[in-house]
Amino acid sequence: MSNPLQIVVCAGIVPDPLQTLEPTTGATGPGIKNELVLPAVLDPWAACALYEAAALAAKNPGSKLWLVALGPKAKLQQVMMTVAQKVAFELVPVDGPIGGFPDAHATAAALASAIESIAGLDRAKLLLFGGWESASRGAGVTLQLIGERLGIADQFFGVDQIAQIGSGEDGSFEVLERVEGGKHQVSACLGAPAVLGWATGNLPEPRNNPQIGMANMRTIMPALQKAPTAKLDANSLQYISVSLPKQQRETRVEKNMTPEEIAAELAAWIGKDS
Amino acid sequence: MESILVLTHADESGSAITRHSLEAVTAGKELAARLGVSLTIGIVAADGNRIASAVKHAGPRLLAVKGEAFAQARFASDAAACEALCRAAQATIVVAPQSSRFARVMAAVAHRVGGVIDTHIAALAGAECVEATRWFYRQRIEAVVTRTARPWFLLLDSGTHAPYSGEAGNAQVDEIAIAVELPALRTEVTGFRAPKQDEQTIRPDAKLLFVAGAGWTKKQPDGEVHVEEAGKLILGFLRASGASLGSSKSLVDQGGEGQSVLPFLTHLNQVGQTGSTPRHPKGLSTCCHGEEPHVVGWRFIAERRAISLDPNCGWTRGKADVVYIADAFQVMAKVNALLQAKS
């Protein structure tokens, strides 16, 4: 694509996947014990979307990239110290609660409002990126609801690839979306505006670049200071219970079987109807 | 008083309703029976009436859209179709499969009709009110939720209910064709593409999930890596057993890090935190180093066995039913020979 793009990436922050999570119930509903002090990362699939967006912007000189994120300001600042070193973007922060338990409709409303307030954003050229699901709520609906609120009529989810069609002058592109059975559905779209909820894509995580980090932080810190506060409505969502799975298995550890004995047992097990 | 609409859609060929849709019909019927309320079935397909026979006896009212535009799984046309069906049915609860086709559009549809949505529902319960079970934090925390807002859309994960199979008898069914006002269509589905590999390794309906870990590409006791042999053993097992192939993230990522890699693996095979959490009756993991994210990928596997060289591997204890401390290269070669001899 060789026409300047306006790309907005929506990305939340989530606890580092290696952390042990324990649910707890507070005054405002369920949450994760000590969530504010747990190490946090940019949501993994949304991070893929950010890297794909940056690569796309680099191919199209004059493009602009915004990162819209909702979370507690202090936590956002902490995560941005790392993320800002990866790719160049302008942060649009929204100060709000962390975690997967707030209602997705309220989250989408707050994020859509933040996108609408971006000065200089040409919504006719908007490509709205994000992860197809988060690692917290994992509902896969927030990005879609934002797109609907912004009146975007072309949406794609489980995206692994976007490529220009022809010379790319007209802005048309081809999208690969994950569908059942390990396949991709291939679609041709006339161009922006469109929503793309990314799966893993094809790009590796960019190396840290301190120069990009310093340039980003010059705009990130003032943006964080001015971040509007979002109060998220529950939209009648009630949690009856929140718990860790109780399943604990009695594991049989076989240390002394020969490969032949193991193979025979496995072949019998595979052939047996469960 | 609640009323329930179950939304279904046709498969890629357009000649049948998907199995996942039929599972949603079962869930809708069970819920309607428990609440003592009426059930309506909606069909999104190029010719919904033609494929309606599979669900004709599920509910007294059958709504269908018709038109070539609905042959394609595309946001603009599918959202318009589902919106029209919801407005026609006026249901308070909408149950639908969490398929790629409906997951792409249903939140937008809920927004259009002033409703709310919850997805990845694993179970529906409750007699006084509807209670939906779903997982948070990538299958690490389980929650039961309810809502008073209506219409409430519930997308059901696959494998949570048995597919509906038509009952005998001649039910009186109101078949209604729904007219849909389509927006300008800017997207065209041009086809499907399988990853570049010799054969399909992801089989959602397989009875067994075979998970390959990074150990397959590490140095073996002779000090060498044997990636080619590993690939042959794994593909041989998939052919002989009909299993679906999953992979740990570390194994898939090796391709991007310039290390030896199994050529048939892609990110689509990945299970766990940033991969899928498939549902299969059985699972066999091999050469996997265990961490909590890895356990996540196994959440919905009923019977689990593992082959590992590490007798102290933390994730297998309490998570797998049987762990064989052995060399997977040796074991799988013999398993393949046994399975091939049987077939």
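Student: Which strand of chain B is joined to strand S14 of chain A?

Tutor: In this predicted model, strand S14 of chain A covers residues 252-254 and takes part in 3 bridges to a strand of chain B. The two strands run parallel. Within this pair, Val253(A) stands opposite Val323(B). The partner, residues 322-325 of chain B, is strand S15.

Student: Which strands stand at the edges of the open sheet of 9 strands?

Tutor: The order is S7(A)-S6(A)-S1(A)-S8(A)-S12(A)-S9(A)-S10(A)-S11(A)-S10(B), with mixed pairing. An edge strand has a single partner strand, so one of its sides is left without a neighbour in the sheet. The strands in that position are S7 (90-95) of chain A and S10 (187-193) of chain B.

Student: At about what angle does helix H3 of chain A run to S6(A)?

Tutor: Helix H3, residues 104-116 of chain A, lies across strands S1 (6-10), S6 and S7 of that chain. Its angle to S6(A) is about 145°.

Student: Which element gives the most to the side of chain B that touches chain A?

Tutor: The contact involves 78 residues of chain B and 69 residues of chain A. By class, the chain B side has 38 nonpolar, 20 polar and 20 charged residues. The element giving the most, with 7 residues, is S10(B).

Technical notes. Residues numbered from 1 in each chain as written. Chains lettered and ligands numbered in written order. Predicted model: local features only at pLDDT ≥ 70, side-chain atom pairs only at ≥ 80, totals over all residues. Pairing = 2+ DSSP bridges. Helix = DSSP H or I, 4+ residues; strand = E, 2+ residues; numbered from the N terminus. Contact = placed C-beta atoms within 7 Å. Axes fitted to C-alpha atoms, helices over the stretch in contact; angles between N-to-C directions. Nonpolar A, V, L, I, M, F, W, Y, C, P; charged D, E, K, R; others polar.
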